[in-house]
Amino acid sequence: MTPIIEFKDVSFSYPPDGMNGEKVIFRDFSLKVSRGDRLIIRGKSGCGKTTLLRLMAWLEEPCAGAANCGGRPYSTYYPPDLRRQVSLVSQTPVMMDGSVRSNMALGLDEPVSGEILLSWMDRFDLDRSLLERQAGSLSVGQQQRVAVIRNLLLKPKVLLLDEPTSGLDQESGEVFVTAMGRICEEEGLTLVWNSHNASSLESIASSTFSLDGIVL
Amino acid sequence: MIIDPGFDDLAMTMILFAMVILLSIREGLNIERSLAIATLRTVVQLFFIGYVIKGLFAVDAWYIIVGALLLMMTYAAKAGLGRMKKQVPGLFLPMWVGVVTGSIFTIAVVTGVTLKIDPWYRPDVLIPLGGMILGNAMNGGSIAADRLYSEIRGSKDQIETYLMLGRDYRHAAKEARREAVRAALIPTINAMMTVGLVHLPGMMVGQLLGGVDPVVAAKYQIIIMLMVASSVTVASSVFTAMALKSYFTKNQMLNLKLLD
């Protein structure tokens with residue numbers, strides 16, 4: 001079956017066209033993500049995990065190599081369309097001015113009913129009373145869950161999570177991991193999850209991939 | 001009645017220059033040299049442009065007048081960008097189109113609808129109005145350019161969040177663009193609030209000294225203020241709409257290298 005995401009001999013350095021002093025992050029790097037995978041990317045901090053997710057979400061351009069989504073080269077997609085299918089949630093959640101409700105709807109063209117939003121909040125153990133609160137007043141952990149819901153409302157094929165539990169205490173982290181596992185089952189979602197602590201994700205991982213040693 | 005100062009009378013204004021130089025020396029301001037250069041440039045540039053305009057006023061060919069205006073607009077676009085604190089490549093065309101559309105749209109409305117000049121290219125109206133309007137369009141564009149850069153730089157995370165949510169670059173940076181246009185308009189709005197109360201604008205003073213009826217001078221000043229507002233709004237809107245693209249790659253990624 002065609003992988004949903006395939007990187008073949010991808011190289012990336014920063015700055016991308018830097019002549020001098022550029023830092024090579026990936027060289028001839030290959031990776032396949034199959035539909036329905038729940039792939040945990042592990043590796044020490046600074047090893048390129050975030051860059052890998054940014055490349056997958058097409059927020060960075062590889063210097064060389066091929067990047068395909070569903071068997072089609074990235075370059076054949078209109079970038080916003082690809083980013084709706086391969087949806088990245090950054091490590092630090094960014095909330096815009098406005099309520100939780102308006103933040104959840106940021107990526108949507110059509111209005112979404114409060115019931116749908118509340119049902120998503122229930123799935124992530126977020127108190128329903130938060131819906132009309134200013135999103136900026138929420139704790140980092142709550143903001144992170146709002147950010148994930150925001151991306152899930154786009155119905156992506158692949159969800160990319162960059163250390164989503166780093167701002168959560170252990171208990172909230174476990175609730176989040178369980179919720180994500182359930183959502184992947186129910187929605188048939190493919191998940192790529194960055195974590196420096198992969199052991200906490202064993203319950204939902206279908207495979208793990210270590211960047212340690214691969215990266216220059 | 002117009003008081004036309006002779007060259008010898010004009011020379012007497014050097015009393016003011018001498019006074020400023022003396023003050024600068026006495027207070028240790030250390031600006032004598034730049035002040036002398038600035039004064040010399042003022043005299044040379046204004047005489048030069050005075051004679052150029054005198055020549056243009058005598059011209060009866062629309063293409064020379066339009067050509068002169070376009071030349072002035074091109075220079076204005078270059079000068080407007082030159083003032084940017086951080087130079088960003090690819091902004092000349094947006095600035096040029098912004099200044100040209102802002103100026104031409106405004107001048108066309110005023111000369112065609114308000115003043116109804118005949119012929120439409122009357123140089124004694126188009127050149128002074130054009131000069132004033134494009135200067136303001138340039139200032140507006142320049143403020144918008146600086147502000148657009150700082151807004152995009154300051155809201156990188158927000159813009160990328162929109163991109164991650166599948167929004168296009170225009171949507172992602174629309175708040176930055178809005179702030180840039182708003183910032184460009186603030187000096188104009190402030191000037192409109194206080195005009196006539198706190199200060200008399202240069203053009204009105206010029207008309208009054210030229211013997212024009214004060215009410216007629218006021219009418220012209222109203223036209224000018226609205227022209228300024230219109231040219232700044234159009235120039236900064238057009239500029240920012242076109243300039244946004246320079247901050248993104250062809251695949252709609254934020255060009256982070258520009259913002260480092």
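**Exercise 1. Determine how many residue pairs in polar contact the rule finds across the interface of chain A and chain B, and describe the side of chain A.**

Solution. Across the interface of chain A and chain B, the rule finds eight residue pairs in polar contact, both residues being at pLDDT 80 or more. A polar contact is a pair of N or O atoms within 3.5 Å; within protein, one must be able to donate a hydrogen and the other to accept it, and residues adjacent in sequence count only if both atoms are side-chain atoms.

Next, consider the elements. Helix H2 (79–85), strand S6 (86–89) and helix H5 (140–152) of chain A each give two or more residues to the side that touches chain B. Helices (H or I, at least four residues) and strands (E, at least two) are DSSP runs, numbered from the N terminus. The largest share of this side, four residues, comes from H2(A).

Finally, sort by class: the side of chain A that touches chain B has 13 nonpolar, four polar and eight charged residues. Here Ala, Val, Leu, Ile, Met, Phe, Trp, Tyr, Cys and Pro count as nonpolar, Asp, Glu, Lys and Arg as charged, and the others, Gly among them, as polar.

The model is predicted: local features need pLDDT of at least 70, side-chain atom pairs count only at pLDDT 80 or more, and totals for chains, interfaces and linings use all residues. Residues are numbered from 1 along each chain as its sequence is written, chains are lettered from A and ligands numbered from 1 in the order in which they are written, and side-chain values use heavy atoms, with hydrogens and water left out.

**Exercise 2. State the area that chain A and chain B bury between them, and identify a salt bridge that joins them.**

Solution. First, count the residues: 25 residues of chain A are in contact (heavy atoms within 4.5 Å) with 17 residues of chain B. Together the chains bury about 2000 Å², 54% of it on carbon and sulfur atoms. Buried area is the accessible area (1.4 Å probe) that two parts lose on being put together, summed over both. A:Leu59, A:Arg83 and A:Met96 supply 26% of the area that chain A buries against chain B, more than any other three residues.

Second, the rule finds two salt bridges across this interface. A salt bridge is a side-chain nitrogen of Lys or Arg within 4 Å of a carboxyl oxygen of Asp or Glu. One of them is formed by A:Arg54 and B:Glu160, at 2.7 Å from N to O. B:Glu160 lies in helix H7 (residues 156–164) of chain B and A:Arg54 in helix H1 (residues 49–56) of chain A, so the pair joins two chains.

**Exercise 3. Describe how domain 1 and domain 2 of chain B meet.**

Solution. Begin with the bounds: the domain assignment, which is automatic or from a database, gives domain 1 (1–58) and domain 2 (65–259). The contact takes six residues from domain 1 of chain B and nine residues from domain 2 of chain B. The area buried between these domains is about 520 Å², of which carbon and sulfur atoms give 76%. The residues of domain 1 of chain B on this side are six nonpolar, no polar and no charged. Across the interface of the two domains, the rule finds zero salt bridges.

**Exercise 4. Locate B:Pro119 and A:Lys155.**

Solution. B:Pro119 is found in the loop between helix H5 (92–114) and helix H6 (123–154) of chain B, and the peptide bond from B:Asp118 to B:Pro119 is cis, with omega near 0 degrees. A:Lys155 is placed in the loop between H5 and strand S7 (158–162) of chain A; its phi is positive, about 55 degrees, although A:Lys155 is not a glycine.
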